[in-house]
Amino acid sequence: MAIKVKIERSSDGSFWGTTQNVPGVIASDGDTIDEMKDNLKEAVELYLETAKDHDKETYEAYVKGFEFEYDVEISEIFNIFEVINKSVFAKSIGVNPSLFRQYTTSKKQTYISEKRAKEIEEGLHKLGKELLSIKL
């Protein structure tokens, strides 16, 4: 069973994760994304321990195992991973760099089509695969 988690970066640089599809909200934070993920896993396990006695349906849904699906808004991805140059990335996926900056600036909400969002997601996954293929 998948637990959807929205990841955000706070103004102090720490990361927050909040569940989106379990009753109530489970949240955690951390100085890094990995720390936030570890803290969230622990928080969900504690939640399930309580659900065992108070919410059998939720307990049964997740007790056999769960995995996390992380959701990060486009503007947040480039805030979290500041090392990725927006203009260069935009060019690599065939998007106008000026328009791409509008997509990734949280101050100005620009409509992004589902098709364009998928192109950006695929570009990020391709970049990730390329990075994973590097052996030093």
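This is a predicted model: local features need pLDDT of at least 70, side-chain atom pairs count only at pLDDT 80 or more; totals for chains, interfaces and linings use all residues.
1. Start with the aromatic rings. The structure holds five aromatic pairs. In one of them, the ring centres of F66 and F68 are 5.4 Å apart. Their planes meet at 75°, so this pair is edge-to-face. The cut-off for that label is over 60 degrees.

2. Next, follow F68 to its other partner here. F68 and Y70 also form an aromatic pair, and this one is tilted. The centres lie 5.8 Å apart, with 35° between the planes. F66, F68 and Y70 together make one aromatic cluster.

3. Buried means under 20%. F66 is partly exposed, at 24%. Y70 is partly exposed too, with a relative accessible area of 32%.

4. Y70 has a further contact. Which residue puts its charged end over the ring of Y70? It is K37, and that charged end sits 4.5 Å from the ring centre.

5. Now turn to S75. This residue lies in helix α3, which spans residues 74-80. Its relative accessibility is 9%, so S75 counts as buried.

6. Last, look at the surface. L131, I134 and L136 form a nonpolar patch there. Together they have about 410 Å² of accessible area. One of them, L136, is in the segment after α6, the helix of residues 114-132.

Technical notes. Residues are numbered from 1 along each chain as its sequence is written. Side-chain values use heavy atoms; hydrogens and water are left out. Helices (H or I, at least four residues) and strands (E, at least two) are DSSP runs, numbered from the N terminus. Buried means under 20% relative accessible area, exposed over 50%, partly exposed in between (1.4 Å probe, protein chains only). Patches are made of residues with over 30% relative accessible area and no salt bridge: like charges are joined within 9 Å, nonpolar side chains (Val, Leu, Ile, Met, Phe, Trp, Tyr) within 5 Å. Accessible areas come from the Shrake-Rupley method with a 1.4 Å probe; for residues, only the protein chains shown count as cover. A salt bridge is a side-chain nitrogen of Lys or Arg within 4 Å of a carboxyl oxygen of Asp or Glu. Rings of Phe, Tyr and Trp (its six-membered ring) pair if their centres lie within 6.5 Å; planes under 30 degrees apart count as stacked, over 60 as edge-to-face and the rest as tilted. A charge sits over a ring if NZ of Lys or CZ of Arg is within 6 Å of the ring centre and within 35 degrees of the ring normal.
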